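I am keeping these notes while I look through one structure. The entries follow the order in which I looked things up.

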Amino acid sequence: MNIESISLIKVSEDILSIIKQNKQPLHGKLSFEKEVIINTAKNILEDASYFSQKDPAAEQSIEYVYHSYSAFKAVMYYRISHMLYSIGQQDEQLYYLKFLAKSISEKAKVETGIEIHPAATIGVPFIIDHGIGTVIGETTEIGSRCYFLQGVILGSEGIGNNESGKRHPTIGDDVEIGAHVRVLGPITIGDCVKISPYCVIRDSIPTGAKVVLNTEYQLKMEGQGSILVYGVVATDKDTIAIYGENLKDLQASFICSSDTRHRVSTHVVENSNRVLSIKINVFAEIPDNTFEDKNAFKDISLVLKKKDDVVLIINRCKAIKKILYHQVQEKNTAITYVHQR
C-alpha cells in the first residue's frame with residue numbers, strides 16, 4: 001500500500017473538518033494558508049505510512065491505520081493542534097488559535113485516552129501504538145522515527161507548582177519506549193535508545209543505550225538504615241551492576257540452599273553510594289546437563305553485607321541467573337579467579 005492510497009486532498013479536507021467541528025463561535029471566520037494545511041497533511045500521511053510499516057498488525061495498509069487506529073488518531077489530532085498552537089504563538093492577532101488547539105487536544109484525550117500537549121515538539125514520523133494512558137508534556141521535544149507503547153509519561157519531576165520553562169524530557173531520533181515508562185524532568189534521551197517497560201528514568205541516557213528493568217525479590221533486614229536497591233543489571237558476561245542508594249562499603253557473597261555443586265565467587269570491582277559492580281565466577285565442576293535444568297539456579301541468592309551484618313538479600317535475580325547460565329553453558333567451570341581492578 002503506497003502513500004498515494006490516501007490523497008493529500010483527503011487529509012487536508014479532514015484537517016479542516018476537525019478544525020471546524022471544534023471551532024468556538026465567538027472567534028469568527030478562520031482562514032489558513034494552503035501551504036500550512038498541506039504541510040500538516042504530509043506529516044500526518046508520513047506518520048500513517050511509518051505506522052503501517054512498523055506494526056505487523058497494520059498489514060502494511062495506510063488506509064487501515066488512518067481510518068481504524070485510535071492511537072494514530074491521537075497523533076493526527078496533535079499535528080493539527082500543534083499547527084494551530086504554533087500560528088497562535090507567532091501571531092498575536094491569532095492568539096485565540098491556542099485555545100482552539102487546546103480544545104482539539106482535549107477532545108483527542110477523551111476519544112483516545114492519549115494526552116499530547118499542542119506545544120510539544122514531535123518529529124516526523126512518530127508512532128504511539130496502543131497508547132492508552134500516554135501523556136506528553138508541554139515542553140517535551142521528540143525526534144524522528146520514535147515508537148512509544150501505552151502508558152508512557154514524559155512529564156516534569158514535580159506534581160504541582162512546577163516552574164515554567166523547560167521541564168519535560170528531550171527525546172532523540174529512533175527511540176523506542178516500552179509500556180508504562182516514566183521519563184521525568186528536563187533530561188535528554190539520546191538517539192537509538194531502547195527503554196524496556198516499567199522503567200522510571202530521572203537521569204539522561206546516552207545514545208545507543210538499552211535500559212532494562214529486571215525484577216528481583218528483595219529482602220531488607222530490619223534496623224539496617226536506608227540501604228535501597230532499585231535494580232540489578234547484567235553489564236557483561238561475568239559482571240552485574242547493582243543500582244540503589246547508600247551502597248558504599250558493601251560486601252557481596254552467594255548462598256545456595258539446595259545445590260552445593262554451584263560454587264560461585266564474587267569480587268567487587270566498583271563501589272560507590274549509588275553503584276555496586278560485582279564480577280561473578282562459577283568455579284566448581286558442574287555436570288554437563290546443569291544448563292538444561294531451568295531450576296538449577298533458582299535458590300541462589302546474593303547476600304550484601306556491611307561490617308559483617310547482613311543488609312540485603314536479593315533472591316531469584318534474572319541478571320544473576322543470566323550470567324550463571326552463560327558461564328555453565330560455556331563450561332567456564334575451571335577458571336582460577338585473578339583479582340583485577
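Axes are lines fitted to C-alpha atoms, for helices over the stretch in contact, and the angles run from 0 to 180 degrees between N-to-C directions.

I noted the source. The model is predicted, so local features need pLDDT of at least 70 and side-chain atom pairs count only at pLDDT 80 or more, while totals for chains, interfaces and linings use all residues. Residues are numbered from 1 along each chain as its sequence is written, and side-chain values use heavy atoms, with hydrogens and water left out.

Entry: the whole chain. I found 6 helices and 22 strands; these are DSSP runs numbered from the N terminus, helices being H or I of at least four residues and strands E of at least two. Of the 341 residues in the chain, 46% are buried, meaning under 20% relative accessible area with a 1.4 Å probe, protein chains only.

Entry: H2 and H4. I looked up their axes, which come within 10 Å and cross at roughly 155°. H2 and H4 are therefore roughly antiparallel to each other. I then checked which residues meet (contact means heavy atoms within 4.5 Å). From H2 the list includes Ile37, Ile44 and Phe51, and from H4 it includes Phe72, Ile80 and Met83.

Entry: the largest nonpolar core. Such a core is a set of buried Ala, Val, Leu, Ile, Met, Phe, Trp, Tyr and Cys residues joined through side-chain atoms within 4.5 Å. I counted 34 residues here, and Ile15, Phe72, Ile80 and Leu84 touch the most other members. Helices H1 (8–22), H2 (34–54), H3 (62–68), H4 (70–90) and H5 (97–112) each supply at least two residues of this core. H4 gives the most, with 8 residues.

Not counting residues up to four places away in sequence, Ile15 touches Ile37, Thr40, Ala41, Ile44, Ile80 and Met83. Apart from this core lies another, of 30 residues, among them Ile114, Phe126, Ile195 and Cys199.

Entry: Asp14. I located Asp14 in helix H1. Is Asp14 buried or exposed? Its relative accessible area is 18%, so Asp14 is buried. Leaving aside neighbours within four places in sequence, I found Asp14 in contact with Tyr66 and Met76.

Notes:
Buried < 20%, exposed > 50% of the residue type's maximum accessible area, 1.4 Å probe, protein only. Parallel < 35°, antiparallel > 145°, perpendicular 65-115°, else oblique.
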